[in-house]
Amino acid sequence: MMARMLIPPAVAFILVGPALAADPRAFEVSVTLSIEHPDHPISRQARFTLRLSDDRFRLELGQVVVVGDRTGEQASLLSWHQHDPTSVFIDRDGHLPALVRRDLPPIWCGLLADWLAQTELAYPLAARDWASLPHREEAGGAVILESPGLRYERRSGGDGSGLLSESVLIERLSGDERLDLTYTPVDPGDAADWSIDPASRRTVSSIAALRPQPARFAPGDTVSLRLFRPDDQSWAPASVFEQEPSSFQRRHASALVLAMIVLSPRSADLDAIIDPADSVALLSELRTRVASLSAQRGRPRPIYFARPVALFDVPGFNRDRLEAILAAAADLPTDPLLPDIEAAAPRVLWAQPPEETIDLFCPGARFALIILDPQRRLLAAIRVDAQRKAAVESAARVLLGDPLDPKAPGPGSD
């Protein structure tokens, strides 16, 4: 009996084409699972990334990464959660398909199945075999394989670009299930960078045990950070909460916003380092949104102080990258109600390492907004990464005194 298809959060279905090429390849795959039912047909979608080289594969399934290696008579499977830089799952065996069967739920994955079997048109459930020789036919540029209860179609592009689509149809008494995918080639990066060094991480018992690391600081906690000016002198956050000298009224900042941006590569993170100018642009967008929301609500605009914070590994401080963010910060919008405090403060701050800064709030993040009140209590930690617009909206509402929306991009968001 065939394994039932699943789309859990940490496992996806991959059905990509043949061609056991030696060069590293990578694909972003979009999948649709359709289940026929007379009362309520079901349709689900998933998206993930597959990378393949001669002796290594990497699956990026949401925030869970799985890397399989085969070298000689030894094989290993290593997995970690991108929002937890402290844990790892490791298994070893003489046979990589055995590890895939043992450690991963069923993965319908034509390309991975071919790679594991070191052949073309393997059974599309990775690390499994055809129960009997399937019937094969070719029609309209597609290869169709049929065995009892299963129809597998693989369609390649006629221009030499490789596979364009695949589908699997499984016949069941409760209703047929069909899986369709499309894919887009992406930059595979260097296969040597696909994995991590697990030496400093604790080992968990299974891939299912991998979870986002809880943030050390939660809203309401008092925060202590070691931050530096561009001239390498320490900078005290308390200085921005002092009374504005130019004002006859008791005017001071109600919040400190730190746009933390990691300017060193994170372990096995294949995305390009974020452009330093993004932190300045984000703070500019935040100023605009705060003013807009305040006007809509007919209330005074909150006074707050905001700065980018460049983060580096230890070692790994890069003066050129700091200078780049300094140049971008020439256009950093400031609060006109705090002219003297703004003028006395550096345009950019820096700190290191990420593990003792951004990871305290949003473990594994590359870009986050940290908002503190005058008592250095955490108001919000908002992961930015790929959710820039949502992060700006959440931060603006926090500055206006709204409670943080549970659906907002917080410490564990993608």
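Q: Buried, partly exposed or exposed: what is F317, and why?
A: This is a predicted model, by the way. F317 has a relative accessible area of 30%. Buried needs under 20% and exposed needs over 50%, so F317 gets called partly exposed.

Q: What makes W350 buried?
A: Its relative accessible area is 7%. The cut-off is under 20%, so W350 counts as buried.

Q: Why is the F317 and W350 pair called tilted?
A: The planes are 45 degrees apart, with 4.6 Å centre to centre. Stacked takes under 30 degrees and edge-to-face over 60, so this pair is tilted. F317 sits in the loop between β16 and α4, W350 in strand β17, 33 residues apart. Along with F228 and F312, they form one aromatic cluster.

Q: And what makes F57 and W115 edge-to-face?
A: Here the angle between the planes is 80 degrees. That is over 60, so edge-to-face it is. The centres are 5.6 Å apart, and pairing asks for within 6.5 Å. F57 belongs to strand β3 and W115 to helix α2, 58 residues apart.

Q: How do you know that the charged end of R70 sits over the ring of W115?
A: R70's charged end is 3.6 Å from the ring centre, and the distance limit is within 6 Å.

Definitions and conventions: Residues numbered from 1 in each chain as written. Predicted model: local features only at pLDDT ≥ 70, side-chain atom pairs only at ≥ 80, totals over all residues. Heavy atoms only, no water. Phe/Tyr/Trp six-rings, centres within 6.5 Å; stacked < 30°, edge-to-face > 60°. Helix = DSSP H or I, 4+ residues; strand = E, 2+ residues; numbered from the N terminus. Buried < 20%, exposed > 50% of the residue type's maximum accessible area, 1.4 Å probe, protein only. Lys NZ or Arg CZ within 6 Å of the ring centre and 35° of its normal.
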